[in-house]
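Please keep the structure in view while reading.

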Amino acid sequence: MAWDEWEHLKAESAQRQSARMRLNGTPGASDGAADLVVNRDDLGAIGHEAYQLRSRLTRDGDHARPATFDASIALMNGNFTSGTELLKVHDRWNTQLRTLLDACARISNHLDYSKSAHAKDDVRIGGDLLSVSKIDENFT
């Protein structure tokens, strides 16, 4: 391989490298500004929606359970094999509903916790910065 050919391959590689996706920035965003911002209001709104969804699921997600259970028992008492299968569907639905209710509660609670924790962090950081500025005043 000749030296010129080597230089040509290096240049092509550099061009391909610059065209790749960069995970730490976007083209033209060289100011270092954060592109992900979450406000406490945003967290609160999402947490509230998760809480409302859980409330609706608690009420509406259990709507067909009693009738499904009664139907499965009636089918089993009539020696229909579909009664056993319907009972399995009933049980699976209850398990999945409880899992979904738990997930909504976790989301709501976690976002409420995050909102509170960020507020406490803001107060602590503000206090830290204030104390640094007071120290700085003494040195000038």
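His90 sits in helix α4, which covers residues 81–139; helices (H or I, at least four residues) and strands (E, at least two) are DSSP runs, numbered from the N terminus. The model is a predicted one, in which local features need pLDDT of at least 70 and side-chain atom pairs count only at pLDDT 80 or more, while totals for chains, interfaces and linings use all residues. Residues are numbered from 1 along each chain as its sequence is written, and side-chain values use heavy atoms, with hydrogens and water left out.

**Buried residues**

His90 counts as buried because its relative accessibility is 7%. Buried means under 20% relative accessible area, exposed means over 50%, and partly exposed lies in between (1.4 Å probe, protein chains only). Not counting residues up to four places away in sequence, His90 touches Arg65, Thr68 and Phe69; contact means heavy atoms within 4.5 Å.

Asn94 also belongs to helix α4. With a relative accessible area of 12%, Asn94 is buried. If neighbours within four places in sequence are left aside, Asn94 is in contact with Asp62 and Arg65.

Leu57 is located in helix α2, residues 40–60. Its relative accessible area is 18%, so Leu57 is buried. Leaving aside neighbours within four places in sequence, the contacts of Leu57 are Asp62, Leu97, Leu100, Leu101 and Cys104. Leu57 and Arg98 lie 41 residues apart in sequence, and their C-alpha atoms are 9.5 Å apart in space.

| Residue | Relative accessible area | State |
|---|---|---|
| His90 | 7% | buried |
| Asn94 | 12% | buried |
| Leu57 | 18% | buried |
| Leu9 | 36% | partly exposed |

**A patch on the surface**

Leu9 is part of helix α1, residues 3–19. Together with Trp3 and Trp6, Leu9 forms a nonpolar surface patch with about 360 Å² of accessible area. Patches consist of residues with over 30% relative accessible area and no salt bridge, with like charges joined within 9 Å and nonpolar side chains (Val, Leu, Ile, Met, Phe, Trp, Tyr) within 5 Å. A salt bridge is a side-chain nitrogen of Lys or Arg within 4 Å of a carboxyl oxygen of Asp or Glu.

**The whole chain**

The protein chain contains four helices and zero strands. Of its 140 residues, 13% count as buried. Among contacts in the chain with a separation of 6 or more, 67% are between residues 24 or more positions apart.

Technical notes: Accessible areas come from the Shrake-Rupley method with a 1.4 Å probe; for residues, only the protein chains shown count as cover.
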